[in-house]
Amino acid sequence: MTAGLKSPPKSPRDGKRLRTIVVVAIVLCAAAGGLVASFGRVEAPAGGATIGEKLAALRAERASLQARADGEARIGLLQAFRIASLMTDALAARYESDSGRVFERLPDARHQPFAEIDRLNAAIKDALDRPGEGARRAARKTAEQTTTQLDRIAGLDDAPLVLAYTPSFVPPRRATGELTLAPGSSGSTPPESTLRLAVPSGPAASSTPPSAVPTVPRPTVPRYAPDFAASRDEDPSVEVEVVGVFLASSGPPPVLAIGTWRGDATIAPERLRFSVPRSAFANDAARTTFASGSLIVRRGSRTMTFQLLFTVLPDRPGSFALDQRIRTTELESNTLVSPEMLSRAPAGETRTVRRCFDPPQGWRFDKKRRRVVIVERLGWLDDIADPTMNAGSVEFVPEEDPKQICVAVIARPVTKAARTATIGRFEATLVRDRPVEQVLQSGIRALDWREPARVPIEPGMIEWKLYVRLFDEIDREFDRVVPSGLAFLRISLDADGKLLVLQADSTVEP
């Protein structure tokens, strides 16, 4: 039986070659690992959000909050919105070249500015979710802390940085085409045909005369002044000043874009100045609005943009109403008829009965309206009744107390043999002051940027309540105290305290 085939034995040289290959492979792997460890900038795309994505998320969140802002927020939270925007733009300018890096791999110290923006956005959101002065105050305090962080960034490198800018509030327009008709426009009442809202359809339409159907719609424009008194005021330019570091370079000057307007900066040390036409800012007739501008700074081939936020004041500042509770006195009157008084006199004698009367509690006599009444005069001569034998009378006599009325009833015989008796009384008007309260309402009156509104304080006013609505959104109520510190409105009493004066003023910022 023959044996199976056997493989030839391995030579010592082959084993040595195999060991060499294994060792070289191990060395190469170790070297590759060392290279990866030494160049930590190599990052896996799936390692988390990048810096650019983080900045985009912060901008989107702030834009969403700005869109939710109401009239209170556009005034009370404006500075918080501005600081959040400046801080975000400052970080974007510094991380432009590293926008693709994974955010979580930044050192902890570099996370701090991003965390400040997160806190500020959260504070603004809380103030919008729970409107109130406490939440707005907390947001403003957080904005102050973020401003401190923004100041720390200045000077750390040579990247442009905006620290502040003015104005915060764009003043209202002076000349508004909504208040007057254009010269040459007719101010007459439109014909009846133009007042029709619709043309009936169906069989009724055939009965409508052709002249009653308007061919060209004509808008109704309120007219407050004649053509010859049309306003000639022009709105002055809005002077925008930007304060920051490294904003100017040897290249083209920075540019500010607001709406369709674009303008180059006038460069001053650490400042940029722009003269912006008032018409560049979007405007609402009754409500405040946000207007955003883009400051474009070029540095070589790089272009950096900073968003500038403004609150634009409307044409009409608002309205108010004043209710006054007035206490006056009304004269109430009544007639008092006194009891009858009797005076008797024996034959040949004169007798007088005098009595004084006090008015009832709370009343007083009107002494110009009183009279005496002789109820009856009696007389007897030799026991025969004869009224002519009595010459008596009923008279008012001086009183001891000026509040009283005193009356004397007199029985006086004509002859010495006559006996007499006189019955009399008096009638007087009683008066008293009855307190009467009423509420006097001024009605809703408009505020004006140019002319103060004056409301008289009525005599006898014991309480008043003032209702103010600013910019069609902000409501305030004040009881018996002249308020102070109200944004864009001055309220005062005149020197005599007889007029309440309300003056809308665009310079009275919060």
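**A quick tour of the model**

Let's start with one spot: Val 243 sits across from Arg 271, a residue of strand β7. What you're looking at is a predicted model, where local features need pLDDT of at least 70, side-chain atom pairs count only at pLDDT 80 or more, and totals for chains, interfaces and linings use all residues. Residues are numbered from 1 along each chain as its sequence is written, and side-chain values use heavy atoms, with hydrogens and water left out.

**The chain overall**

- You'll find 7 helices and 23 strands in the chain; these are DSSP runs numbered from the N terminus, with helices (H or I) of at least four residues and strands (E) of at least two.
- Of the 510 residues in the chain, 36% are buried, meaning under 20% relative accessible area with a 1.4 Å probe, protein chains only.
- Take the contacts with a separation of 6 or more: 72% of them are between residues 24 or more positions apart, where contact means heavy atoms within 4.5 Å.
- The chain's accessible surface is about 30200 Å², and carbon and sulfur atoms hold 54% of that; the areas come from the Shrake-Rupley method with a 1.4 Å probe.

**An open sheet**

- The order β1-β3-β7-β6 describes an open sheet of 4 strands with antiparallel pairing; two strands pair if DSSP finds at least two bridges between them.
- At the edges are β1 (161-166) and β6 (266-268), each pairing on one side only.
- Strands β3 (residues 238-245) and β7 (residues 271-276) run antiparallel and are joined by 6 bridges.

**Aromatic rings**

- Searching the whole structure turns up 11 aromatic pairs; rings of Phe, Tyr and Trp (its six-membered ring) pair if their centres lie within 6.5 Å, and planes under 30 degrees apart are stacked, over 60 edge-to-face, the rest tilted.
- Tyr 95 and Phe 114 make a tilted pair, because their ring centres are 5.8 Å apart and their planes are at 55 degrees.
- Tyr 95 is in the loop between α4 (78-94) and α5 (108-129), while Phe 114 is in helix α5, 19 residues apart; both are buried.
- Phe 471 and Phe 488 pair edge-to-face, at 5.8 Å centre to centre and 65 degrees between the planes, and both are buried.
- Phe 471 and Phe 488 also belong to a cluster that ring pairs build with Phe 169 and Trp 449.

**A charge over a ring**

- Arg 370 lies over the face of Phe 396, 4.2 Å from the ring centre; the cut-offs are NZ of Lys or CZ of Arg within 6 Å of the ring centre and within 35 degrees of the ring normal.

Technical notes: Buried means under 20% relative accessible area, exposed over 50%, partly exposed in between (1.4 Å probe, protein chains only).
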